[in-house]
Amino acid sequence: MRSLHSRTTDTTHSTDSTHSTDSTGVDQSPGTDRHPGARPRTRRAVLGGSLAVAAGGLLAACSDAGSGGMAGMDHGAMDHDTTGHGTGTGAPAAPAGYVRPDGPEVAAAEAARPGGGRVREVRLTATPTPLDLGAGTTVRSWAYGDRLPGREVRVTAGDTLALTLANHLTQPTSLHWHGLALRNDMDGVPGLTQADVRPGAEFTYRFKVPHPGTYWFHPHSGVQQDRGLYAPLVVEDPKEPLRYDGEWVVVLDDWLDGVAGSTPDAVLAELRKGMSGAAHSGHSGHDMSGMGDTGATNGTTAPSRVLMGARSDALGGDAGDVAYPHYLVNGRVPADPETFRARPGDRIRLRIVNAGGDTAFRLALGGHELTVTHTDGFPVQPATTDSLLVGMGERYDVLVTARAGVFPLTAVAEGKGGAALAVLRTGAGATPPAAVRPAELGRRLLTAGALRAAPSAALPDPGRAPDRTVRIRLTGGMARYDWAFDGAPYRTDQRRPVRAGERVRLVLTNGTAMWHPLHLHGHTFALGGTTGGAPGPRKDTAVVLPGRTLTVDFDADNPGLWMLHCHNVYHSEAGMMTVLGYRK
């Protein structure tokens, strides 16, 4: 592969292996070339790197009669744990009358997906490992191989991905393919679509990859995502309409694992204790002094990570629950940032992924305007902006025309005060300091609601009325840390029924004092619904602000058991998840 991308840090060594085969089994392993003088390409210059992938998924909807709340939700007997994601050792059993993840309906849907591409075979190892975050910061964490993020997986729409996950961790794990419309039994949700991948075991995820776009993968097991277990997945378009000279995959993250004894599991345990003396939902007005490595202890040697007083008007008030000591771009702290090298005048495609656990990022490139071309993998009518707000799980593709010089790509932790940093370099000059804040951060801010779907991304028959309306109320707060849908924490036997062929409308009302990025597994929806006005963008993850209602439409065209959940990993583990189940 050829690229204009050059990094200041070497992360080319990994225990993972990647290769691809065509139908005859011939090795198609890509080479790498990262030097800044690589020949420009009229379509794209692709980041070198091996493939590595993961899956897992959750999804929710409401009553079979089209009503809201808990009245229409089915609960069936299950053979496995129902207190969390599930730890059963056998295949999950669905309540009667619903499509099973490995049922014939799922197999038929997979057979009908466009294919004909190569089979891309990948081996991925989840393992404990030290991670160098730069500037002398090394942490002990869990990762795919020995790098952060894990090695990028790059395939072409129509390929079949066959990834074998080897679990070298001390806990069960899984892989979720965030944003992909894939077969249900490969979605990676333990206790729902598969059994756990136990320590020392392996599991092969094999499925067709139907849609081009920017995606990523991570576990759907507890709070493992808030360690180092994530990596980008890029699905190339064989008929790519965009023209650009270079491509930069930008993965944003908030980091605490291994810092001063902190772990995501300990943070969740602390949050579940609730806010002492709180008599209200939400925690506006809390003291920001809990940030960083100072603050009250939580009964261990680690500092408290409960965040107090983080505020953002763009997020409707309360910005987050967790105080992170570091914010990263592609695994690097701001004091030792990654550098992307290009030439003045190059047109660069940025593929931006927010892999954070509890942080929205406000992103800007100093001295440049951003042209948004895609969100969550699907094209939009191009929109220009100075800065972009990216919630957890969201992805945006943007184009920039590089100016001459050295420029900061800054991602501020919205409402929290810290920031992540990377550098675009097209010439001589000093590297921007870690504390740099480009003026663009305070100018035009774009959120998903301002975008419109490109004609190719609109749902078919955009004026079609919904066949079913599912109403869900987001509930809970910091006082008891009881985040949920309709007041009921997640159980693996929940079913909010839908039927294949329906257009389903989700009406999501946020009755809490916090914002929530909601993610639907196995489908994409039209933001704002499909009736009345220009169609909103196609997305799989969307922010619902406090006190607001978000309406989205999707076509029920991928049978199985799917999850809808908050992509704040601590909110989802507290119970803000539910299951949409296809009736037979």
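Which residues point one way from β10, and which the other way? Ala231, Leu233 and Val235 point one way, while Pro232, Val234 and Glu236 point the other way. Residues on both sides are buried. The structure is a predicted model.

## Strand β10 and its partners

Strand β10 covers residues 231-236 and is mostly covered, with six of its six residues buried. Strands of a sheet pair through backbone hydrogen bonds, in either the parallel or the antiparallel sense. β10 takes part in pairings of both kinds.

Strand β5, residues 153-156, pairs with β10 in the parallel sense over four bridges. In this pairing threonine 156 stands opposite glutamate 236 of β10. Strand β9, residues 213-218, runs antiparallel to β10 and is joined to it by five bridges. Here tryptophan 216 stands opposite proline 232 in β10.

## A six-stranded open sheet

Six strands form an open sheet with mixed pairing, in the order β26-β25-β28-β33-β30-β31. The edges are β26 (484-485) and β31 (538-539); each has a single partner strand, so one side of each is left without a neighbour in the sheet.

Within this sheet, β28 (residues 503-510) and β33 (residues 549-555) are paired in the antiparallel sense over seven bridges. Valine 504 stands opposite phenylalanine 554 in β33.

## Nonpolar cores

The largest nonpolar core has 114 residues, and Trp177 and Tyr570 touch the most other members. Strand β22 (residues 406-413) supplies the largest share of this core, four residues. Another core, of 16 residues, lies apart from it and includes Ala143, Val249, Val259 and Ala355. In soluble globular proteins, nonpolar side chains tend to be buried together.

## Aromatic rings and charges

A search of the whole structure finds nine aromatic pairs. One of them joins tyrosine 327 and phenylalanine 361, edge-to-face, at 6.0 Å centre to centre with 85° between the planes. Tyrosine 327 belongs to strand β14 (residues 326-329) and phenylalanine 361 to strand β17 (residues 361-365), so the pair ties together parts that are 34 residues apart in sequence. Tyrosine 327 and phenylalanine 361 are both buried. For tyrosine 481 and tryptophan 483 the ring centres are 5.9 Å apart and the planes are at 85°, so this pair is edge-to-face. Tyrosine 481 and tryptophan 483 are buried as well.

One aromatic cluster is made up of Tyr144, Trp177, Phe203, Tyr205, Phe207 and Phe217. In two places a charged end sits over a ring. The charged end of arginine 227 is over the ring of tryptophan 142, 4.0 Å from its centre. The charged end of arginine 583 is over the ring of tyrosine 98, 4.6 Å from its centre.

## Confidence in the model

The chain has an average pLDDT of 84, and 79% of the residues score at least 70. Over residues 1-71 the pLDDT is below 50, and this stretch has 267 contacts in the model beyond near neighbours in sequence. Residues 277-298 also have pLDDT under 50. For residues 277-298 the model has 56 contacts beyond four places in sequence. Where pLDDT is low, the predicted coordinates should not be read in detail.

Technical notes:
Residues numbered from 1 in each chain as written. Predicted model: local features only at pLDDT ≥ 70, side-chain atom pairs only at ≥ 80, totals over all residues. Heavy atoms only, no water. Pairing = 2+ DSSP bridges. Helix = DSSP H or I, 4+ residues; strand = E, 2+ residues; numbered from the N terminus. Buried < 20%, exposed > 50% of the residue type's maximum accessible area, 1.4 Å probe, protein only. Core = buried A, V, L, I, M, F, W, Y, C linked by side-chain atoms within 4.5 Å. pLDDT = per-residue confidence, 0-100. Contact = heavy atoms within 4.5 Å. Phe/Tyr/Trp six-rings, centres within 6.5 Å; stacked < 30°, edge-to-face > 60°. Lys NZ or Arg CZ within 6 Å of the ring centre and 35° of its normal.
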